[in-house]
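My plan is to jot down a few things as I look them up.

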Amino acid sequence: MSDAERLLAKLVAFDTTSSESNLALVGYVEDYLASYGVEAERVMSPCGQKANLIARIGPEALGGVMLSGHTDVVPVAGQPWSSDPFTLRDGGDGRLYGRGTCDMKGFLACALAKVPEWVKTPLKQPIYLGFSYDEEIGCVGAPSLIERFYTHYSTTAHVIVGEPTSMQPVVAQKGATNLRTTVVGREAHSSQVNQGTSAIHVAARLVTFIEDTMAALVEEGRVDEAFNVPHTSLHVGKIKGGTAINIMARECQFEWEIRHLPTDTFDEIYARFDAFCKQLSAELQAKGKTVEITTEPLNVTVPGLADRDNDRVLRLAKDHLPAGCCDHAVAYATEAGQFQGQGLQTLILGPGSIAQAHQPDEYVERRQLEDCLAFLTDMSVALEQPAERHGE
C-alpha cells in the first residue's frame, strides 16, 4: 500500500458518522502532524464533542493554499455493504472500498501523505490544512473554521475544497437549505368534513405549490446550463401526518429543500412559498376553517459557489492538471461557498466521483488517489515562489 492508502485505512477506521464525535480522528491527525513538526489548532464545536482542525506547513507569508475537507461521513445503517464499512478493503479491481473513501477521506489522506515531503520543501508560500466537522448535516462546522482561519492565519490564501470531482475543477455549486413545515388543522370525523380542517389536505396544496414554483422559475428563464439540473430545484423528501383513515388529520409535517442557483437566493425563493402560505391561511380562515402553518429551517443556508473571483486559484489548479480539463458546475452543496463568502478565492477539486458518495460499498479508484497526489506535488512546486502582490 502507498502512504496515502495506509493513511486512508486509518481514517476510514474512525466512525465519524455525523451523529458521532470526530475527536478520535482529530487526535490521530494531530499526532501524525506533530511527528513531522507541524502544529495544529483545534476549533471546538459548541458541544465540545467535535472539532475543526487547522494547520500550517511552511512560512507565515502571503498567499498559499488551504486544502479543505470534512471529516464526517454519512450513516451506513440500512445499507447492504459487502464488507465492514469502516475497514478499508482492496477490491482487487483498482478500487478501495469503505465509508468515506471518496467523500472525502481520500482527499484528506492524500494531503496528509504529502506532509513529510512538504516539511522538507523550501516553500515561500504556506500550505494550510483545514479539516471540518458536520459538513454532511448542513456545513455546520465550517463557519467557525473559516472565521478562525481568516482572522488568525490568512486573508490571501486560495482554497481548494477536496470534494469528489474526478479531479476536474468545479467552479460553481448550488446553495442549499433544508426546511420543515408543520400544518395544524382541526380534527373531525371524516363523515363531517365541514366541521374540521385536514392538515394533510392543506399540506398537499403546499407540496404542489413547491413543485409548481420550480416550474415557474424555469418558465421565467432562470436557468444556467452549466448545471446538469439547470435551475433552482425544490424537493419534498419526507411527509407524515394523520392518525386514522376516518379522522381528519389535525397535524401534517413535511421536510423539504431548496437548492438554489448561485444567481438566485434562498430568501427570494422562500418568499414565494411564505406568501402562498399566508394567502392559503387567509382563504381557509375566511371559510371558518382553523389552520396554522409554520416553517423552520433545519440548517443555516449553505451558500452557493459562484463562478467569479477565482482567476488565480483556477490558474493555479489548471497549471498543474492534465491538459484538456474543463470547468464544471455541480448541484450538490459543499463548504466552498462559505469560503468564497469570506472573500477567499475558492474552487472544488478532489479524487473520486460523487456518484459513489453516500452509497453502499462506497469506493475511490486507486488511480484517482494517484492523480490527486501528482497534482499536490506539482502544486507545491509553484509555492516555492513568493505570492504575487495584487493592489498592495
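These are my notes, in the order I took them.

**Entry 1: what kind of model.** I'm working from a predicted model, not an experimental one.

**Entry 2: two helices.** I began with the general point that a packed pair of helices is described by the angle between the axes and the distance between them. For helix α1 (residues 3–13) and helix α3 (residues 101–113), I get an angle of about 130° and axes 8 Å apart. Since oblique covers what is left once roughly parallel, perpendicular and antiparallel are taken out, and antiparallel needs over 145 degrees, α1 is oblique to α3. I also looked up the handedness, and the crossing of α1 and α3 is right-handed.

Which residues meet there? From α1 I listed D3, A4, L7, L8, L11 and V12, and across from them in α3 sit T101, K105, G106, L108, A109, C110, L112 and A113. Sorted by class, the contact of α1 with α3 has ten nonpolar residues, two polar and two charged.

Entry 3: The largest nonpolar core here has 53 residues, and the members touching the most others are L33, L67, L112, L129, I160, F375 and M379. Helix α3 gives this core its largest share, nine residues. I picked L129 to follow up: leaving out residues up to four places away in sequence, L129 touches L33, L53, I54, A55, I57, M66, L67, A111, L112 and V115. Apart from that core I found another one, of 25 residues, with L206, L234, F266 and F273 among them.

**Entry 4: a loop threonine.** T17 is in the loop between α1 and α2 (23–34). Is T17 buried or exposed? I read 9% relative accessibility for T17, and buried means under 20%, so T17 counts as buried. Its contacts, again skipping residues up to four places away in sequence, are V73, V74, P75 and F86.

Entry 5: I noted a cis peptide bond between D103 and M104, with omega about -10°. M104 belongs to helix α3.

Next I checked phi. S166 is not a glycine, yet its phi is positive, about 60°. I placed S166 in the loop between β7 (158–161) and β8 (170–173), and with a relative accessible area of 33% it is partly exposed. D361, not a glycine either, has a positive phi of about 55°. D361 sits in the loop between β14 (346–348) and β15 (363–365).

Conventions: Residues numbered from 1 in each chain as written. Predicted model: local features only at pLDDT ≥ 70, side-chain atom pairs only at ≥ 80, totals over all residues. Heavy atoms only, no water. Axes fitted to C-alpha atoms, helices over the stretch in contact; angles between N-to-C directions. Helix = DSSP H or I, 4+ residues; strand = E, 2+ residues; numbered from the N terminus. Parallel < 35°, antiparallel > 145°, perpendicular 65-115°, else oblique. Left-handed = near helix turned anticlockwise from the far one by under 90°. Contact = heavy atoms within 4.5 Å. Nonpolar A, V, L, I, M, F, W, Y, C, P; charged D, E, K, R; others polar. Core = buried A, V, L, I, M, F, W, Y, C linked by side-chain atoms within 4.5 Å. Buried < 20%, exposed > 50% of the residue type's maximum accessible area, 1.4 Å probe, protein only.
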